[in-house]
Amino acid sequence: MKRIITILFWIGIVAVVSSLFIFANQRQKKLVCPEFRIEIDYQNAPVLVTQSNIRQEITRQKIKVRGSETGAIEVERIQQLLNDNPFIRQATLTIGVNGVVKASLTQRNPLVRVIDLKGRQFYIDDEGALMPLSTEFPARVIIASGNINPIGKITKKSGLNDGQPQYQKLPAILQEIFIASIALRKDTFSNAFIEQIYVNETGELELFPKIGQQKIILGDTTSIDEKLKNLKVFYHAGMKDAGWNTYKTINLKFRNQVVCTKIK
């Protein structure tokens with residue numbers, strides 16, 4: 001008899017808790033949203049999208065947030081809209097107990113601006129994913145051009161994670177451009193000094209500096225950190241004595257060597 005009473009007691013507790021939960025949930029759904037808050041983490045990247053852009057896009061889709069009951073807000077639709085934005089890496093949408101709707105966004109970080117053989121332009125971000133240019137906010141990043149074959153339509157596949165690094169899904173020459181751009185960005189001297197990567201007729205990479213008229217032949221990205229180190233040493237030592245307009249080409253292709261061709 002005592003055991004039956006205990007069981008009935010706990011059944012009653014569960015029923016009360018469930019009723020309170022259902023009541024609280026229904027009450028929560030009736031709350032009117034007083035604010036739609038958008039927070040964007042740029043992670044030191046150039047601005048490509050703003051809070052205003054996000055609000056305008058949601059408005060264009062005729063989705064109402066502020067002033068709506070939280071239970072009527074199209075959460076899944078908003079989440080999908082945020083996930084489909086090519087400039088957003090990650091998006092989380094939450095509704096607080098006070099009815100405030102919050103979108104927490106992380107923007108993607110453009111690494112290099114690519115111009116293909118047909119003149120089409122796009123970014124490769126710092127994870128190796130393709131993304132379109134922003135019509136409002138052009139990012140000041142290194143430019144890659146030359147013999148780069150056109151690619152297909154740029155699409156964002158939300159949630160795609162098969163364990164393979166994103167850049168390895170790119171065509172071979174874009175992989176080389178990505179690796180070179182990563183190396184150039186992380187090297188303080190190269191990041192400040194190099195403004196363009198050019199793919200020549202043989203598929204080799206050439207670098208062009210912001211100062212001087214030299215063509216720097218990188219070749220491929222094999223031992224690229226060592227090549228950039230040699231370039232820095234050469235500019236700090238060799239160019240100091242020879243002058244900026246002495247050399248036409250600087251070749252980094254050979255291991256532990258910097259081979260130069262003088263201007264005639």
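Helices (H or I, at least four residues) and strands (E, at least two) are here DSSP runs, numbered from the N terminus, and two strands pair if DSSP finds at least two bridges between them.

Before going on, note that this is a predicted model, in which local features need pLDDT of at least 70 and side-chain atom pairs count only at pLDDT 80 or more, whereas totals for chains, interfaces and linings use all residues. Residues are numbered from 1 along each chain as its sequence is written, and side-chain values use heavy atoms, with hydrogens and water left out.

**The whole chain**

Of its 264 residues, 36% count as buried; buried means under 20% relative accessible area, exposed over 50%, and partly exposed in between (1.4 Å probe, protein chains only). The accessible surface, computed by the Shrake-Rupley method with a 1.4 Å probe, comes to about 15,900 Å², and 53% of it belongs to carbon and sulfur atoms.

**The nine-stranded sheet**

Now select the open sheet of nine strands, whose order is β6-β5-β4-β7-β8-β9-β10-β11-β12, with mixed pairing. At the edges stand β6 (130-131) and β12 (259-262), each with a single partner strand, so one side of each is left without a neighbour in the sheet.

Strand β9 is mostly covered, since four of its five residues are buried.

On to strand β10 (residues 215-219), which is antiparallel to β9 and joined to it by three bridges. Here Leu 207 stands opposite Ile 216 in β10, and the hairpin of β9 and β10 again has five residues between the strands, with Gly 212 in the turn at a positive phi of about 90°.

**Asn 200**

Leaving aside neighbours within four places in sequence, Asn 200 is in contact (heavy atoms within 4.5 Å) with Asn 147 and Glu 206.

**Two nonpolar cores**

Next, colour the nonpolar cores, each a set of buried Ala, Val, Leu, Ile, Met, Phe, Trp, Tyr and Cys residues joined through side-chain atoms within 4.5 Å. The largest has 34 residues, and those with the most contacts inside it are Leu 174 and Ile 216. Helix α4 (residues 172-186) gives this core its largest share, six residues. Around Leu 174, apart from neighbours within four places in sequence, the contacts are Val 114, Phe 122, Ile 124, Leu 130, Ile 148 and Ile 151. A second, separate core of 25 residues includes Cys 33, Leu 48, Ala 103 and Leu 105.

**Helix α3**

Select α3 (residues 75-84), where Ile 78, Gln 79, Leu 81 and Leu 82 are buried. They cover an arc of only 160° around the axis, which puts them on the same side of α3; the arc is that of the directions from the helix axis to the C-beta atoms. The buried residues of this helix pack against α2, β2 (88-95) and β3 (101-107).

**Two loop residues with positive phi**

Most residues other than glycine have a negative phi. Asn 44, although not a glycine, has a positive phi of about 65°; look for it in the loop between β1 (36-41) and α2 (51-60), where Asn 44 is exposed, with a relative accessible area of 82%. Finish at Ser 223, in the loop between β10 and α6 (224-242), which has a positive phi of about 50° although it is not a glycine, and which counts as partly exposed at 37% relative accessibility.
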